[in-house]
Amino acid sequence: MMNFSMRETHPVNISWLPSKGKAYPDTMEIFVAPMTIKEQKLLQGATAANYYTRLLDGIDCSGAQFRKRDLLFCDVQFLDLVRRIFTFELNKKVTVTQYPCYHCKSRNVEVSFNVEDLEFADLKPELFGTVKSYTDNETGELVEQVIPGKIYKFSDGLEVVVSPMTTGEFIEMAAKYVSNAPEDEDFLNKQLTDAYIGSFTYLIKSVVGRDFKDAAERRKFLFDYIGDLYRASDKKILEAIQQDVSCDIKPIITICPDCEKEVEVYVHPSLTFRQDD
């Protein structure tokens, strides 16, 4: 595990995060350590669960009592990119190289950027809290209740509350449903289906009007319930949930030097980066 007292670290502006910090205490600060070559090698070939467990070692939260496993998964995906970019000089732009042009298929597209240039599609505010109004049966008065997430209703009337997945939840989900499996097509297809369904059991934090003894019982119910939906109806509801919790990075527009057509460059950690002198 990384000892932050012995490593160079840099603060991350909360406004850079896909969530804009909406899920965190106002006083919280986030620091990251530049990713070493050794760390990059350790991450290569790691299972999804091990990848993000190790990645968290290079992230620190201070200024508030907050577990870094409770950082939103979309934010930690961005911090993965930040840790790699911070291996370069911070006052100079970083260049993506060898990006493929989807017009002429060449791999000569390049684009330079600073971290603050990266933008994300905004998460819907309702995902962080929804006000639901109902009439109290005893008093007849209108009561407002704050629900910690966005409510989605399936065709059979079942209502669920959804909020973004934390990194800890993703690690737990990935350990359960995703592995570096043998190249067996049937097994891989089942794993992909289970992971798809399983992800919703972590995004859905509660079921309106139903109590469960623990999270495991709730997730078992949801896995069976969503499995039936996935094979039959209500697929659009699942697609809407998936779209709403996605923090897609906005592309940087540049011109391909070979065909001179516009190319949308989506910056992510697996790309090749360079910094000029």
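This is a predicted model: local features need pLDDT of at least 70, side-chain atom pairs count only at pLDDT 80 or more; totals for chains, interfaces and linings use all residues.

**Exercise 1.** Find where Thr166 lies, decide whether Thr166 is buried or exposed, and list the contacts of Thr166 with residues more than four places away in sequence.

*Solution.* 
- Step 1: Start with the location. Thr166 sits in the loop that runs between β9 (159–162) and α4 (167–177).
- Step 2: Now turn to accessibility. Thr166 has a relative accessibility of 15%, and buried means under 20%. Thr166 therefore counts as buried.
- Step 3: Look for the neighbours. Leaving out residues up to four places away in sequence, Thr166 touches Arg69, Asp70, Leu71, Leu72 and Phe73.

**Exercise 2.** Work out the strand order of the open sheet that has three strands, and name its edge strands.

*Solution.* 
- Step 1: The order is β5-β4-β13, with antiparallel pairing.
- Step 2: β5 (109–113) and β13 (272–274) each pair on one side only, and these are the edge strands.
- Step 3: From one strand to the next, the twist averages 30°.
- Step 4: Zoom in on one pair. β4 (residues 94–99) and β13 are joined by three bridges, and Val96 has Phe273 in β13 as its bridge partner.

**Exercise 3.** Describe how β6 and β7 pair, and what lies between them.

*Solution.* 
- Step 1: β6 (residues 130–135) and β7 (residues 142–147) pair in the antiparallel sense over six bridges.

Technical notes: Residues are numbered from 1 along each chain as its sequence is written. Side-chain values use heavy atoms; hydrogens and water are left out. Helices (H or I, at least four residues) and strands (E, at least two) are DSSP runs, numbered from the N terminus. Buried means under 20% relative accessible area, exposed over 50%, partly exposed in between (1.4 Å probe, protein chains only). Contact means heavy atoms within 4.5 Å. Two strands pair if DSSP finds at least two bridges between them. Axes are lines fitted to C-alpha atoms, for helices over the stretch in contact, and angles run from 0 to 180 degrees between N-to-C directions.
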